[in-house]
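Good morning, colleagues. Please look at the model on the screen while I go through one site and then the chain as a whole.

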Amino acid sequence: MAKKYGKKYIAAAEKVDSDKLYSIDEAAALVKDIDFAKFDSTVEIAFNLNVDTRQADQQLRGAVVLPNGTGKDQTVVVFAQGDKAKEAEAAGADVVGAADLVQRISDGWLDFDVAIATPDMMAQVGRVGRTLGPKGLMPNPKTGTVTFDVAKAVSDAKSGQVTYRTDRDGNVAVPAGKVSFDADKLAGNLKALGDLILKARPSSVKGTYVQHVSISSTFGPAINIDPTSL
C-alpha cells in the first residue's frame, strides 16, 4: 500500500528539488523554511556509507560535542561512588548513585538522556544492561561514557554531545540541532558532523566512502546534500 502524505508534507516536498544535491549552507536554510511542525523540530543528518559492518574495523561508533549544541537540555545520570560521585555532582549531573541507582532503573525508571559510569561501576551497571542497551543508554568507553574523568563526561553531555554509530546497513543518523537555530549555526553543526564522518573513514574501505547524505526535520522531507560539500 502506498504511503499517504498530508497536505503540509506535500507542500514542503514541492519546495525541495529531489534531483539536486544541495550544499550544506543551502540545505540548512531550506530545512528551516519547509518545516511545518508545531514544535521545535530536531534536524537530523543521515549518511549512507560504503562500509561492511561485518568487519570490526568498519563499525563506526563514537561521540562528539557539537560546536553549537543540540538545542536540548540533557538529563545526565552518573554511576559513581565516593569522590567520583562528588565530582559528578559538582559538574552538574542530575542524578548520581551506585547500587541505589541500579535498583531504581531495575524498577523501571528511565527518565534521562545520558548515562555515565566509572569503570569500577560497570559490573553493577551490567545488571541493567538489558534495560539500558535497547534504549541506547548503556555507558560505553567508545562514546566516552565509561570513564574516571566524570567531570568532563558530564560537561560534554550537558554541552551538546551526540553519539553516532553505523547500523548494519552502513547508515549513520545523527541529530544536528533544532530548526529554531540560525541557519549558520545549524550549518556549523552539520559541517562538524560531516568532517567527523570523513575523518572516521576506515583505512580498509575501498572506492567511494560516502554514498549519500541527506538532512530532514522531524516530520519534513529529506534534502539531499552534495557529499563533496562536507
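**Serine 217 and its surroundings**

Leaving aside neighbours within four places in sequence, serine 217 is in contact with Val31, Asp35, Ser41, Thr42, Val43 and Val179, contact being heavy atoms within 4.5 Å. This is a predicted model, in which local features need pLDDT of at least 70, side-chain atom pairs count only at pLDDT 80 or more, and totals for chains, interfaces and linings use all residues. Residues are numbered from 1 along each chain as its sequence is written, and side-chain values use heavy atoms, with hydrogens and water left out.

One of these contacts is polar: the side chains of serine 217 and aspartate 35 make a polar contact at 3.1 Å (a pair of N or O atoms within 3.5 Å, where one must be able to donate a hydrogen and the other to accept it, and residues adjacent in sequence count only if both atoms are side-chain atoms). Serine 217 counts as buried because its relative accessibility is 4%; buried means under 20% relative accessible area, with a 1.4 Å probe and protein chains only. Its place is in strand β8, residues 210–217, strands being DSSP runs of E, at least two residues, and helices runs of H or I, at least four, numbered from the N terminus.

Turning to the whole chain, there are 8 helices and 9 strands. Of the 230 residues, 43% count as buried. Among contacts between residues at least 6 apart in sequence, 72% join residues at least 24 apart. The C-alpha trace spans about 55 × 45 × 40 Å along its principal axes.

Conventions. Buried means under 20% relative accessible area, exposed over 50%, partly exposed in between (1.4 Å probe, protein chains only).
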